[in-house]
Amino acid sequence: MFRRVDETSVDTLKLRIEDREYAVPVGISVAAAVLLCGFNKVRNTPVTDSPRLPYCMMGICFDCLMTIDGIPNQQACQLEVRENMKIEVQQGAAELLQQR
Amino acid sequence: MKDNYQLLVIGAGPAGLAAAADAARLGLDVALVDEQMAPGGQIYRNVGSPREPVRPYLGKDYLWGKPLVAEFLQSGAAYINNASVWYLDERLETGMLIDGASHFITAERLLLATGAQERPMPLPGWQLPGVMTAGAGQILLKSAAMIPSGRVVLAGSGPLLLLIAWQYLQVGVKIGAIIDTTPRSGFSEVLPCLPRALAAFDYLLKGLSFILAIKKAGIPVYRAVADLRAEGHEALESVSFTTGQGDGNKRTEINIEAETLLLHQGVIPNLRLPLAAGCELEWDALQQSWKTVKDIWGQSSVDQVLVAGDCASIVGARAGELQGRLCALQAAHQLNRIDLQQRDRAATRIKRSLQRHLSIRPFLDTLYPPAKAYQVPDDETLVCRCEEVNAGQIREAARMGCVGPNQVKAFTRCGMGPCQGYLCGSTVSALIADETGASMEQVGYFRVRPPFKPITLGELANT
């Protein structure tokens, strides 16, 4: 889907998307990372279970909602990638979190 | 971070950055709140540390933002980043979410500089993975040096579409096609706007250079387009449309394989916070959008609220910056830091420059009106991407007697999802007006209520 303009000499960090490990450039958003790693969806919609990818990348469309480090409904385009982040495709509406 | 400032500026684009920097220099106790990680807004996104591989291709208009960001960071204004404003009431208490915790700030003056959003362009299949806005493509380029790896098609109208085409050409992206949806009406009406636009000759030259570069690169450009749709099963596979004059079988059907489709049909003000603060709006028939009523100093209809830049009405980055500077002078005058003469003296040059940058607007607004097909789409087209409500359901609600967007929302759930109407608001109002024959002023817009952003009870309690 998307690739880097220049694939050499960029600092990377490691994170997990859907239980697979990836190295992605430091400083990009989670939504950019998911697109870079070639995923074909970030979530399935609650109403018709349709797949979606990020649409606006600027925080207004909420199509990039994902489960990040166990917390659902996170706007992937507004969050910067972190080392060891655990990113999951969100299926439909979020479940209420168990008390931690 | 304190809980009270003399001036609170919301939005770190050109208008907010210039306003906060000038206000701090004039001696005001000022804070700037912004949702992003770094200052710059959408237009100067990441300009403080541009991605090296794409830096040469982003153009000098982009790099104009670099000294502006530096000016702000050195001004002494407090900078509150990664902060989502989710609450604002008519008493002007502002609630924001920062790293999972709620904070409330009050201020003597509030300056709204929340910029623009792309005008929604609903068409069949626009919800498919692989379809994005042109702005999203540009954000990926600026902030992550990322470009489409498969075949990309651009569709829509307006300067930003030309700009991203030019930027992609510079970086070496092969553009499959440009599908120009600009209605013909603009071409005949634009001539009277040309003399005034000549005062902003640099804008005209820039646009012309984009058009020539696209022509030289040999990218297929389709005009007089109708029946545009994105097609595919689980993701975008192709873009189809008809082209040519006339109706029915005189038109040529075209289908282009594509992995990425970038849509754009101009920008409209981001009205959420002006609405929440109780500012009066008016319908702008030329820009086909609502705008916040204000005077030259940015004073809105609410005493303590100033507005600057695209969130009031679309003026562009440079004019927005200058409006921000006028707002800073006005706030400093209102809060007794400078007298009327000092304000007016300091404003003379800013106003002259502002007039020049504004002189291109009627030309652009007339040349690139949004096409009707994507303001009032066919029944099958999804309008509300969150709750998956289509245009037919909204028309039906209007026929049943729903008098405005708020009633349509209650009947259909349209606008009730997480985006709270950002991606459907303008379409819903246009559909109701079209179906009932009412004017946009009569139809109005979605009421805005906090929380503007989804917030959990835990985050709300965590202050």
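What follows is a chat about a predicted model with chains A and B.

Student: Okay, chain B first. How many helices and strands are there in chain B?
Tutor: Chain B has 17 helices and 22 strands. Its radius of gyration is 22 Å, close to the 23 Å that the globule rule gives for 463 residues, so chain B is as compact as a globular protein of that length.

Student: And what box do its C-alpha atoms fill?
Tutor: Roughly 70 × 50 × 45 Å, taken along the principal axes.

Student: I'm looking at α10 and α11 in chain B. At what angle do their axes cross?
Tutor: Helix α10(B), residues 317–334, and helix α11(B), residues 340–358, cross at roughly 165°, and their axes come within 9 Å. Over 145° counts as roughly antiparallel, and α10(B) and α11(B) are therefore roughly antiparallel to each other.

Student: Is that crossing left-handed or right-handed?
Tutor: Left-handed. On the α10(B) side the contact includes L322(B), L326(B) and L329(B), along with R318(B) and H333(B). From α11(B), the residues in contact include A346(B), A347(B), I350(B) and L354(B).

Student: What's the contact made of by class?
Tutor: Between α10(B) and α11(B) there are 10 nonpolar, 5 polar and 3 charged residues.

Student: Switching to the interface. How many residues of each chain are in contact?
Tutor: 37 residues of chain B are in contact with 35 residues of chain A. On the chain B side, β8 (131–133), α4 (134–144) and β9 (146–148) each supply at least two residues. The largest share comes from α4(B), with 6 residues.

Student: And the classes on the side of chain B that touches chain A?
Tutor: That side has 21 nonpolar, 10 polar and 6 charged residues.

Student: Which strand of chain A is joined to β9(B) by bridges?
Tutor: Strand β1 of chain A, residues 2–4, is joined to β9(B) by 3 bridges, and the two run antiparallel. Within that pairing, F2(A) stands opposite P148(B).

Student: Now chain A itself. What's the strand order in the open sheet of 5 strands?
Tutor: The order is β3-β2-β8-β6-β7, with mixed pairing. At the edges sit β3 (20–25) and β7 (71–75), each pairing on one side only. Neighbouring strands are turned by 40° against each other on average, direction ignored.

Student: How do β2 and β8 of chain A run, parallel or antiparallel?
Tutor: Parallel: 2 bridges join β2(A), residues 12–17, to β8(A), residues 86–88. If you want a spot to look at, R16(A) has K86(A) as its bridge partner.

Student: There's also an open sheet of 3 strands in chain A. What's its order?
Tutor: That sheet runs β5-β4-β9, again with mixed pairing. Its edge strands are β5 (51–52) and β9 (90–91). Strand β4(A), residues 43–44, pairs with β9(A) in the parallel sense over 2 bridges, and R43(A) stands opposite Q90(A).

Student: Last one: what's the phi of E18(A)?
Tutor: It's positive, about 50°, although E18(A) is not a glycine. You'll find E18(A) in the loop between β2 and β3 of chain A.

Definitions and conventions
Residues are numbered from 1 along each chain as its sequence is written. Chains are lettered from A and ligands numbered from 1 in the order in which they are written. This is a predicted model: local features need pLDDT of at least 70, side-chain atom pairs count only at pLDDT 80 or more; totals for chains, interfaces and linings use all residues. Axes are lines fitted to C-alpha atoms, for helices over the stretch in contact, and angles run from 0 to 180 degrees between N-to-C directions. Helices (H or I, at least four residues) and strands (E, at least two) are DSSP runs, numbered from the N terminus. Angles under 35 degrees count as roughly parallel, over 145 as roughly antiparallel, 65 to 115 as roughly perpendicular and the rest as oblique. A crossing is left-handed if the near helix is turned anticlockwise from the far one by less than a right angle, and right-handed if clockwise. Two residues are in contact if their C-beta atoms, placed from the backbone, lie within 7 Å. Ala, Val, Leu, Ile, Met, Phe, Trp, Tyr, Cys and Pro count as nonpolar, Asp, Glu, Lys and Arg as charged, and the others, Gly among them, as polar. Two strands pair if DSSP finds at least two bridges between them. The radius of gyration is taken over C-alpha atoms; the globule rule is 2.2 Å times the number of residues to the power 0.38.
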